[in-house]
Amino acid sequence: MQDGYVKDDDFFMRQALCEAKNAFHVGEIPVGAVLVSNNKIIARAHNQVEKLNDPTAHAEILAITSACSFLGAKYLPGCTLYVTLEPCHMCAGALYWSKLDRIVFGAADAKNGFRKFFGETNPFHPKTEIKFGLLAEQSTQLMKEFFRQRR
């Protein structure tokens with residue numbers, strides 16, 4: 001590769017973790033996401049619920065919107081979403097309709113994650129591959145620190 005870095009799942013999840021840290025520093029729940037096509041990041045986002053005063057301004061939704069705009073398409077086949085926290089029920093619906101090839105997430109979310117509602121059933125497009133647990137410890141620690149500071 002030209003830049004000397006191997007761009008694999010770990011690399012892209014670290015980019016999502018950078019977005020989560022951005023959210024942390026501006027007082028948003030620290031969830032970050034990057035959307036990748038052809039081994040290139042085409043969208044980055046972090047939660048902006050507080051900033052936009054919008055309960056739908058989750059990192060995943062913002063990344064999907066940005067990627068669709070970038071590609072000029074309403075679906076995202078051939079793309080992978082990397083997100084630091086297990087997507088919620090709302091985001092799972094948006095991810096279903098985006099028709100991604102892959103979704104890679106870090107930390108589990110027992111309280112609000114899609115698996116609470118769907119169990120082990122795949123709520124995403126039938127062709128979407130799911131991988132979870134990547135950099136889960138780092139994502140979990142950031143989340144714990146965020147809520148520790150608010151108590």
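Two strands count as paired if DSSP finds at least two bridges between them, and strands (E, at least two residues) and helices (H or I, at least four residues) are DSSP runs numbered from the N terminus. This is a predicted model, in which local features need pLDDT of at least 70 and side-chain atom pairs count only at pLDDT 80 or more, whereas totals for chains, interfaces and linings use all residues. Residues are numbered from 1 along each chain as its sequence is written, and side-chain values use heavy atoms, with hydrogens and water left out.

Five strands make up an open sheet of mixed pairing, in the order 2-1-3-4-5. Strand 2 and strand 5 (129-132) lie at the edges with a single partner strand each, so one side of each has no neighbour in the sheet. Two of the pairings are set out below.

| Pair | Sense | Bridges | Opposite residues |
|---|---|---|---|
| Strand 1 and strand 2 | antiparallel | six | Gly 32 and His 46 |
| Strand 4 and strand 5 | parallel | four | Val 104 and Lys 131 |

Helix 1 (residues 9-25) packs on the sheet and touches strand 1, strand 2, strand 3, strand 4 and strand 5, while its direction makes about 145° with that of strand 1; axes here are lines fitted to C-alpha atoms, for helices over the stretch in contact, and angles run from 0 to 180 degrees between N-to-C directions. In the hairpin of strand 1 and strand 2, with two residues between the strands, Asn 38 adopts a positive phi near 50°.

**The cores**

A nonpolar core is a set of buried Ala, Val, Leu, Ile, Met, Phe, Trp, Tyr and Cys residues joined through side-chain atoms within 4.5 Å, where buried means under 20% relative accessible area (1.4 Å probe, protein chains only). The largest such core has 25 residues, of which Leu 35, Leu 76, Leu 81, Leu 95 and Leu 100 touch the most other members. Among the elements that give two or more residues to this core are strand 1 (32-37), helix 3 (59-71) and helix 4 (89-98), and helix 3 gives the most, with five residues. A second, separate core of ten residues includes Ala 16, Tyr 82, Leu 134 and Leu 135.

**Helix 4**

Within helix 4, the residues Cys 91, Ala 92, Leu 95 and Ser 98 are buried. They lie on the same side of helix 4, because they cover an arc of only 120° around the axis, the arc being that of the directions from the helix axis to the C-beta atoms. Their cover includes helix 3, strand 3, strand 4 and helix 5 (114-118), with contact taken as heavy atoms within 4.5 Å. Lys 99, which follows helix 4, has a positive phi near 60°.

Conventions:
Buried means under 20% relative accessible area, exposed over 50%, partly exposed in between (1.4 Å probe, protein chains only).
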